[in-house]
Amino acid sequence: RTFSDYVKFTPDMSRVKNALTICSWVKKMLSGDYRSWFSRTTGSHQYELLISDAGGFNYIHSDSVDFKDSVTVPLNTWTHQCQSWSTSTGQMRVYYNGTMIGTKTFSDRAPLEEDGYILLGHDSGSQNEGDQFGGQLLKLNVFGRVLTDEEIAGMYSAGMCSEVEKNYDDVRFITWERILSETKTGNVSEVESGCPAPVEEKRKKYRLRLCVDTTA
């Protein structure tokens, strides 16, 4: 794994700038509390958004809260992880496996900036190897509103092979389907998820394998 292994893209943020929920199935494969699978950088904020795989990093507008003591994330196991925030309340809510593990209200309630980029695979502002994500992602979606506790619990209960995220297509503005089509740099690959494809679809479901060095 290196800092040259990532997926970088510039989606339209206009429909999620005032409220969003980021959810993904995450398989953590390297130890450490600060290995980041989602990062967003803008002209004003190195860490406008940042999420690590074991509760350590939860950033908005370069401010953060650490929930690593509130959750245990086993290696080589799929977990469902979500983070939500809105300008109306300034409140961030963080969920693991359908359960909210913590909240924090931030004073900066400015909308997310529309410039910048999303980086999957490591912390975009760090050269610390302990911040590199090692593992797999599946069904990473960004929704344009704060999903409720019940909705997030329902996503987790439906399971990683469900199509439950499509129930929210009216607000699912950055989609897993779009992410799979983005350019992959370095040691990043698609591997079969093990989930059966719907009968009406010929294309198999895939998970994204990021920054995994099996010799480490």
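**Close-up views of a predicted model**

**View 1. A lysine and a tyrosine ring.** In this view the charged end of Lys 8 sits over the ring of Tyr 117, at 4.2 Å from the centre of that ring. A charge is said to sit over a ring if NZ of Lys or CZ of Arg is within 6 Å of the ring centre and within 35 degrees of the ring normal. The model shown here and in the other views is predicted, with local features needing pLDDT of at least 70 and side-chain atom pairs counting only at pLDDT 80 or more, while totals for chains, interfaces and linings use all residues. Residues are numbered from 1 along each chain as its sequence is written, and side-chain values use heavy atoms, with hydrogens and water left out.

**View 2. Aromatic rings of Tyr 34, Tyr 47, Phe 57 and Tyr 59, which form one cluster.** The whole structure holds six aromatic pairs, where rings of Phe, Tyr and Trp (its six-membered ring) pair if their centres lie within 6.5 Å, and where planes under 30 degrees apart count as stacked, over 60 as edge-to-face and the rest as tilted. One of these pairs joins Tyr 34 to Phe 57 in a tilted arrangement, with 4.7 Å from centre to centre and 50° between the planes. This pair links distant parts of the chain, since Tyr 34 belongs to the loop between β2 and β3 (36-41) and Phe 57 to the loop between β4 (49-52) and β5 (58-60), 23 residues apart. Phe 57 also pairs with Tyr 59, this time edge-to-face, at 5.7 Å centre to centre and 70° between the planes. Strands, here and below, are DSSP runs of E with at least two residues, and helices are runs of H or I with at least four, both numbered from the N terminus. Phe 57 is buried at 15% relative accessibility, and Tyr 59 is buried at 14%, whereas Tyr 34 is partly exposed at 25%. These words follow the relative accessible area found with a 1.4 Å probe on protein chains only, buried being under 20%, exposed over 50% and partly exposed in between.

**View 3. The largest cavity and its lining, to which β2 (19-28) and β11 (135-143) each supply at least two residues.** Rolling a probe the size of a water molecule over the atoms shows where empty space is left. A search of the whole structure finds one cavity of 30 Å³ or more, and about 80 Å³ of space lies in the largest cavity. A cavity is a set of points, on a 1 Å grid over the protein atoms alone, where a 1.4 Å probe fits but cannot get out, and lining residues have an atom within 4 Å of a point. The points are joined across faces, edges and corners, and the volume is the space filled by probe spheres set on them. Among the lining residues are Cys 23, Trp 25, His 80, Met 155 and Glu 165, and β11 gives the most to the lining, with three residues. The lining has five nonpolar, four polar and two charged residues, where Ala, Val, Leu, Ile, Met, Phe, Trp, Tyr, Cys and Pro count as nonpolar, Asp, Glu, Lys and Arg as charged, and the others, Gly among them, as polar.

**View 4. Gln 83 in strand β7 (residues 78-86).** Gln 83 counts as buried, at 3% relative accessibility. Apart from its neighbours within four places in sequence, Gln 83 has contacts, meaning heavy atoms within 4.5 Å, with residues including Leu 20, Ile 22, Leu 50, Tyr 59 and Arg 93.

**View 5. His 61 and Ser 62, in the loop between β5 and β6 (63-64).** Most residues other than glycine have a negative phi. His 61, although not a glycine, has a positive phi of about 50°, and Ser 62, also not a glycine, has a positive phi of about 65°. His 61 is buried, at 7% relative accessibility, while Ser 62 is partly exposed, at 36%.

**View 6. Asn 76 in the loop between β6 and β7.** Asn 76 is partly exposed, with a relative accessibility of 49%. Its C-alpha atom is separated by 5.7 Å from that of Lys 27, although Asn 76 and Lys 27 are 49 residues apart along the chain. When neighbours within four places in sequence are left aside, Asn 76 is in contact with Lys 27, Lys 28 and Met 29.

Technical notes
1 Å grid on protein atoms, 1.4 Å probe; cavity = no way out; pocket = protein on both sides within 12 Å on 5 of 7 lines; lining within 4 Å.
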